[in-house]
Amino acid sequence: MKIGVIAMQGAFREHEQTLARLGVETLRIRRPEQLSQIDGIIIPGGESTTIGKLLGDFNLMEPLRERILSGLPVFGTCAGMILLAKEIENSNQPRIGTMDIKVARNAFGRQVDSFEVDLEIPEVGQEPVRAVFIRAPYILEVKPSVQVLAKVDDKIVMARQDNMLVSAFHPELTDDLRIHRYFIEKVCKGL
Amino acid sequence: MGEKGTWVVKKGLAEMLKGGVIMDVTTPEQAKIAEEAGACAVMALERVPADIRAAGGVARMADPNVILRIMDAVTIPVMAKVRIGHFVEAQILEALGVDYIDESEVLTPADELFHIDKHAFKVPFVCGARNLGEALRRIGEGAAMIRTKGEPGTGNVVEAVRHMRQVMGEIRRIQNMPREELMTAAKEMGAPYDLVLYVHEHGRLPVVNFAAGGIATPADAALMMQLGADGIFVGSGIFKSKDPVGRAKAIVAATTYYDDPKVLAEVSKGLGEAMPGIDIKTISQTERMSERGW
C-alpha cells in the first residue's frame, strides 16, 4: 500500500512521519501523473487558499476530484477538510468540493484562540484523543450520507462519507497514531 | 474551551506555514494581492524594509488601525512586527489579535540588552538568527519560529544564504559530536544546553526555520529552500518590483517546486524588473540590520 500526501504547502512532512511509523509507504504528490501510483491520499493542514490555488495552477484539481469521486480514499485535516467541502461559508475559493458538508473557516477565532483538548472519538477507541486545533474550521451542516465522528461543544469536528475522512484538528501533530490507523485500516482497506 | 496558548499550539501554526511564502504588506490592498497570489500569511508593517532604509529615523510598530484593516481584508494569518525588547508593543499586538509577532531587527531596537520574554504571551513569536547559538537563545526565550536575518531591503540574498548555511552547518556539527562535547559547544555558542541536546538527538531545530532578508526572485526562493529553509519571507522583493502580482505568484510556485528546474524556468519568464537592490558592501556596519540583536 502506498499513500500520497499532497505536498503543495503545509504540514505534509508530519503526515509522512506518522504514516512511516505505521509502516506505510508514502509519496509526495506535486504532479497529476503521480495520482495513478497511490492507494489513498492525505490533504494536509496548511493554508487552504494557497493549496487550492496551487492545485489549480498545476493541473491537479480536476484529476484529484475525479479520482476521489471514483473512490480513492482521502483524509483531509484542517485545510484539507476545507478543500474537500462542497460548501464554504462566505467563500468561493477554489476547492475539490466532493464531500456533502458545509464548513466555516477560522470558526473558533484567530491564533490566540487556538487550543488543544481531549476529544471523545468512539470510532477510534475508548481513550480520548488529544486534538490540536489551529485557526481551525468546523462543520456547520452535513447531509444524511455523512457520518459524524466527533464534536467539540456541539460543533462537528470529524466526519466520514464513504471514502472521505475529514478532521478539523491535526492528528499529525501528536504521537497518537490511532486516527491515521483508522484511515488506513477502515477507509483504505475497508477492514 | 480546552487549553490555549500552549507550546504545541504556538509551534503548530508555524508548522502549517511550512512550504509557503509570507509577504510584507503595508495596506489592505497589498494584503489582498498577496492572498490572491497564494501567500500563506502576510506581515503587516508601516513601511517595507527598503523604505525604512531610505527614510531613516526610528522604525516602530505599525499603526493598529492599519493592522486591523489588513486583518479585515484577508482570511490568511496576519503577522506584525515589534521592536526588539519592546514588550508593550507586543502586548498591544496580542490585544489586537494578530496571529504571530515578529520581534524584528528590521525595526529600530527598543532594548539593546534584552529580548522579549516570549513565554509570557499566548500569541506565538518569530525571531531572526544568524547562527545556531542565536537561534537557540531565541527559542530559549520562547520563540516558536525562527528565520534567517539576511539583509532586509537590499534585494541581495547573500546574507540569507550565509545565515542559512551557518545554521544548517552548525546543526550537522552538533548532531555528529560525541555527547561529552556538547556542554562545551553550548558554552561556546552561548546556547541553552537542553536545546543543544535536542539538536544533537534530532538533527534539526525544535521549531520551523524560514529564510528571510534579501529574497527578490523565484530563483532566490528556491535556492533558500534547497539550502534547507522550511519556507520564505519576502518583503521589498515583491512590492518594490515592476510587476508585484506576477512576481508574488512566481515566488509562491518556486517555493513549492523548489527542486524542479523546469517549473522554476517557466515561472521565472517575463517577470519584468526585480527591485533595484543594494550591494551590501556599500552599507556601513552600523546600518546593517543583520548586526542587530544579540
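**Notebook: strands, a buried arginine and the A–B contact**

I began in chain B, where strand E2 (residues 21-25) and strand E3 (residues 41-44) pair in the parallel sense over 4 bridges. Looking along this pair, I found B:Ile22 of chain B standing opposite B:Ala41 in E3(B). I note at the outset that this is a predicted model.

I then looked up the sheet to which these two strands belong, and it is an open one of 8 strands in chain B, with parallel pairing and the order E8-E7-E6-E5-E4-E3-E2-E9. Strand E8 (208-210) and strand E9 (232-234) stand at its edges, and each has a single partner strand, so one side of each is left without a neighbour in the sheet.

Next I went to strand E4 of chain B (residues 78-83), in which B:Arg83 is found.

I turned to the contact between the chains, which takes 39 residues from chain A and 43 residues from chain B. The area buried between chain A and chain B is about 3,200 Å², and carbon and sulfur atoms give 55% of it. On the chain A side, I recorded that A:Arg110, A:Gln111 and A:Val112 lose the most area to chain B, together 19% of what that side buries.

How many salt bridges are there between chain A and chain B? The count is 8, and I looked at one between the side chains of A:Arg30 and B:Asp259, with a distance of 3.9 Å from N to O.

My last entry concerns chain A, where strand E10 (residues 147-152) and strand E11 (residues 155-161) pair in the antiparallel sense over 5 bridges. Here A:Val148 stands opposite A:Ala159 in E11(A). E10(A) and E11(A) form a hairpin with 2 residues between them, and I noted that A:Asp153 in the turn has a positive phi of about 45°.

Key: Residues are numbered from 1 along each chain as its sequence is written. Chains are lettered from A and ligands numbered from 1 in the order in which they are written. This is a predicted model: local features need pLDDT of at least 70, side-chain atom pairs count only at pLDDT 80 or more; totals for chains, interfaces and linings use all residues. Side-chain values use heavy atoms; hydrogens and water are left out. Two strands pair if DSSP finds at least two bridges between them. Contact means heavy atoms within 4.5 Å. Buried area is the accessible area (1.4 Å probe) that two parts lose on being put together, summed over both. A salt bridge is a side-chain nitrogen of Lys or Arg within 4 Å of a carboxyl oxygen of Asp or Glu.
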